[in-house]
Amino acid sequence: MTKPVFTFFNNKGGVGKTTLVYHIAHMFALMGVSVLAVDCDPQANLSAAFLRDEALQELWDDAACAQTIYRAVRPMVRKGDYVSPKLLEITPNLHLIAGDLGLSSFEDQLSEQWSNANSDNLDTYGRAFDILTAFWRCAQEAATNCQAEIIIFDIGPNLGAINRSVLLGTDHVIVPLGADLFSLRGLQNIGPALREWHRSWETRSTKPFSDYDLPKGDMHVLGYVAMQHQERLYRPVQAYKQWVDRIPSDYRRYIEEVSTDDVPKIEDDPFALALLRHYKSIIPIGQEARKPIFSLKTADGVSGSQMATVKAAYDDFQSLAFQILAKSNLSDLVL
């Protein structure tokens, strides 16, 4: 039985996507849900959040085994199959498949195989299926090995072939949004792209193929997580509010393809998984300590006045985790 896959995706960068993945993965683990995090962003920012620079360099320099997701899929360029990647234990309930800057070189291979999957020749489209589903099959095998109950992918902010391949194996997409014009413009790209990829994969995946079960390519958008603004001296708070107020209607228009005059406020929007505040005073401390902000202690450099923010962050991310599980019908994973 395959494990449910969640992918956090917005083709606009700088919305806090990787920070969100890092914290929600830790929160699930604290709640007793076993998680496999997979870094498929060629910038490897998620891996850098989990691991110190020295550990990452050692990982990337070690060519003896498949230390990263790129090393796992690279043999496919030479007509082979993926190899099992090394699993990094972050906590007993949280494992990581590290990212790699070399992953971007796999983009052309994936683009070529997307076209080949349309072929009527079994050898041609069968090989294409092998490569297009490599991330998904690799993650599913790794999740079985570490007994993970869910898989979370972090991907880059683009509509490229790597992201399309990851999303083919994604059950639930979660969209992080900032309170700005560019995040909302991203919604206009995400919705049509996901629908087109789903339709195209349905056409391709109906070809006769018995080597293994193919992913369904559902790419169901579970909802969005809105990041509250950080106050800036040169931008009035009201400017951020106008973008936040637009999120529910734009989400419905571009993701759900519905238009209605009866649009709730974001606080009451069932598609809003969370409206997260800006934890600006403790984010740098968490980065330095290599800890999620809700696990920080005074020994990590948090002052007494900041402990209230730490507690609020814990409550916020725990609520988000429960929302994600409930919306995806996985509430029974929490004991």
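## A walk through the sheet and its helices

Start by selecting strand E6, which is mostly covered: seven of its seven residues are buried. Keep in mind as you go that this is a predicted model.

**Stop 1: inside E6.** Show the side chains of E6. His172, Ile174, Pro176 and Gly178 point one way, while Val173, Val175 and Leu177 point the other way, and all are buried.

**Stop 2: the neighbours of E6.** Strands of a sheet pair through backbone hydrogen bonds, either parallel or antiparallel. E1 and E6 run parallel and are joined by three bridges. To find one of them, select Phe6, whose bridge partner in E6 is His172. E6 also pairs with E7 in the parallel sense, here over seven bridges.

**Stop 3: the whole sheet.** Zoom out and colour the strands. In what order do the eight strands of the open sheet lie? The order is E3-E4-E2-E5-E1-E6-E7-E8, and the pairing is mixed. At the edges you will find strand E3 (88-91) and strand E8 (272-276), each of which pairs on one side only. Turn the model and follow the twist, which averages 25 degrees from one strand to the next.

Next, pick out strand E2 (residues 35-40) and strand E5 (residues 150-155), a parallel pair with six bridges. Click on Val35, and you can trace its bridge to Ile150 in E5.

**Stop 4: helices on the sheet.** Select helix H8 (residues 161-168). H8 packs on the sheet and touches strand E1 (5-8), E2, E5 and strand E6 (172-178), and its direction makes about 165 degrees with that of E5. Then select helix H9 (residues 181-205), which also packs on the sheet. H9 touches E6 and strand E7 (220-227), and its direction makes about 160 degrees with that of E6.

Go back to H8 for a moment. How many of its eight residues are buried? The count is eight of eight, and H8 is mostly covered. Among these buried residues are Asn163, Arg164 and Ser165, along with Val166 and Leu167.

**Stop 5: two helices crossing.** Two packed helices are described by the angle between their axes and the distance between the axes. Select helix H5 (residues 107-116) and helix H6 (residues 122-132): their axes come within 8 Å and cross at roughly 140 degrees. That makes H5 oblique to H6. The crossing of H5 past H6 is left-handed.

Show the side chains where they meet. From H5 come Gln109, Leu110, Gln113, Trp114 and Asn116, and from H6 come Thr124, Tyr125, Arg127, Ala128, Ile131 and Leu132. In this contact of H5 with H6, six residues are nonpolar, four are polar and one is charged.

Stop 6: First, select His23 in helix H1 (residues 17-30). Is His23 buried or exposed? His23 is buried, because its relative accessible area is 4%, and the cut-off for buried is under 20%. Among residues beyond four places away in sequence, His23 touches Pro292, Ile293, Phe294 and Phe317.

Finish at Asp262, in the loop between helix H10 (237-256) and E8. Asp262 counts as exposed because its relative accessibility is 67%, and exposed means over 50%.

How values were computed:
Residues are numbered from 1 along each chain as its sequence is written. This is a predicted model: local features need pLDDT of at least 70, side-chain atom pairs count only at pLDDT 80 or more; totals for chains, interfaces and linings use all residues. Side-chain values use heavy atoms; hydrogens and water are left out. Axes are lines fitted to C-alpha atoms, for helices over the stretch in contact, and angles run from 0 to 180 degrees between N-to-C directions. Helices (H or I, at least four residues) and strands (E, at least two) are DSSP runs, numbered from the N terminus. Angles under 35 degrees count as roughly parallel, over 145 as roughly antiparallel, 65 to 115 as roughly perpendicular and the rest as oblique. A crossing is left-handed if the near helix is turned anticlockwise from the far one by less than a right angle, and right-handed if clockwise. Contact means heavy atoms within 4.5 Å. Ala, Val, Leu, Ile, Met, Phe, Trp, Tyr, Cys and Pro count as nonpolar, Asp, Glu, Lys and Arg as charged, and the others, Gly among them, as polar. Two strands pair if DSSP finds at least two bridges between them. Buried means under 20% relative accessible area, exposed over 50%, partly exposed in between (1.4 Å probe, protein chains only).
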